Each structure stands twice: as C-alpha cells, then as structure tokens.
Amino acid sequence: MVLPIVDVTVDDYGSLTVTLDGDPCTADDTLGRSDLRALVDTIAHDLGSPVRVEVHEHDGSSFTDIVTPAPVEPAPQRPGPARDAAADEPPPPVRSGTPTALASVFGISGEGFTAGEEVEICLVFARQVADEHGTTQLRLPPAALAAHPRVTLIGRTSGVIAISETAS
C-alpha cells in the first residue's frame, strides 16, 4: 500500500510549507509549528486513511512518522418507527456456507471457490461511515490507483459491494 505523503518544510523562522503528494496543501502561508498536529490530523481524517508525514527542519535534520485518522463513530440512528430486533442484526452472508479465509505466517488460504475461478485478494486499509445519502468517498494517491486499478468498497451493514473498474 502506498500512503499519501504529507511533506513539511520548516524555514528559519518556524513557518511551515506543507504539501500533500507534491501538491500545496493549504493556501495559508502563516502556518507555524503549533498548527502541524491539527493540520495532519485533519488531512488523515479527510482522506480516511493513514498518511506518511515527513518533516524537514531548516538545519537539515528530518523525521518521518505515520499518522492514522481517529476512528469515525457511526452516525446515530434517526428516530423513526419502531424497529424489530432483526433489523439490528448484520445481513446474512452473500452465500450460505461461505467459508472463512484462514491466515497463517505463510499467507492466507480459502476454499470453496469454483475451479479455475479468478479470486481477488482485498485488504482493508481504511473504514468510513457513509453520509446521510449513503455515499462515501476516499481520496487515493494516483500511484496507488495506478498499481491497483480495481478498488472494492463493501458495505458492512447493507452488503452492497461496489467495484471500480479503470481502463488499463
């Protein structure tokens, strides 16, 4: 996985120049050291994924850190008609008897696929809560999309599976 890179350059006066994947991150050129944590937290939250932060000091020293977004709390349920207990349960699996993949130090394995079937291996590296319209959006670095053009979104409650297909 390629993480978005937040590059921070600190000048002689402690002012910051910040870019996200090489693009200017903010038009505010009065950022100081005290603004850095909030800015990086906001970037990680807005992207919905961890970010790599590289700070370059005016004396030539530098350090790198990974910042993850704070967990997003699910939106509260709107008051409405009484719901039965079954509505609060997760949806049934797509196919009854769906086997569980088994992870080990040697990798991962699963069974029950059709012989010759192409099996996609998906890693969850971010979670988001859909907005009031049932929509979610995540900004991904162009390099990540170039390396992995098919992105899968899975609704944990609705069971909706959305797969992006980009031209290759």
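Two strands count as paired if DSSP finds at least two bridges between them. Keep that rule at hand for these exercises on a predicted model.

**Exercise 1. Work out how strand β1 is joined to β2, and which residue stands opposite Val 6.**

Solution. 
- Step 1: Find the two strands; β1 covers residues 5-10, and β2 covers residues 16-20.
- Step 2: Look at the bridges. There are 5 between β1 and β2, and the two strands run antiparallel.
- Step 3: Start from Val 6 and look across to β2, where Leu 20 is the residue opposite.
- Step 4: Follow the chain through the turn. The hairpin of β1 and β2 has 5 residues between the strands, and Gly 14 in that turn has a positive phi of about 85°.

**Exercise 2. Decide whether strand β2 is largely enclosed or open.**

Solution. 
- Step 1: Take the cut-off, which is that buried means under 20% relative accessible area.
- Step 2: Apply it along the strand: 4 of the 5 residues of β2 are buried, so the rest of the structure largely encloses this strand.

**Exercise 3. Describe the hairpin of β2 and β3, and find the residue with a positive phi.**

Solution. 
- Step 1: Pick out a bridge; Thr 19 has Pro 24 in β3 as its partner.
- Step 2: Turn to the 2 residues between the strands, where Asp 21 takes a positive phi near 50°. Asp 21 is a residue other than glycine with such a positive value.
- Step 3: Check its surroundings. Asp 21 sits in the loop between β2 and β3, and its relative accessible area of 27% makes it partly exposed.

**Exercise 4. How many salt bridges are there, and what does the one between Arg 33 and Glu 57 tie together?**

Solution. 
- Step 1: The rule asks for a side-chain nitrogen of Lys or Arg within 4 Å of a carboxyl oxygen of Asp or Glu. The count is 2 salt bridges.
- Step 2: One of them joins the side chains of Arg 33 and Glu 57, at 2.7 Å from N to O. Arg 33 is in the loop between β3 and α1, while Glu 57 is in the loop between β4 and β5, so this pair ties together parts 24 residues apart in sequence.
- Step 3: Now take Glu 54 and Arg 52, whose closest N and O atoms are 2.6 Å apart in a salt bridge. Here Glu 54 is buried at 17%, and Arg 52 is partly exposed at 34%.

Conventions:
Residues are numbered from 1 along each chain as its sequence is written. This is a predicted model: local features need pLDDT of at least 70, side-chain atom pairs count only at pLDDT 80 or more; totals for chains, interfaces and linings use all residues. Side-chain values use heavy atoms; hydrogens and water are left out. Buried means under 20% relative accessible area, exposed over 50%, partly exposed in between (1.4 Å probe, protein chains only).
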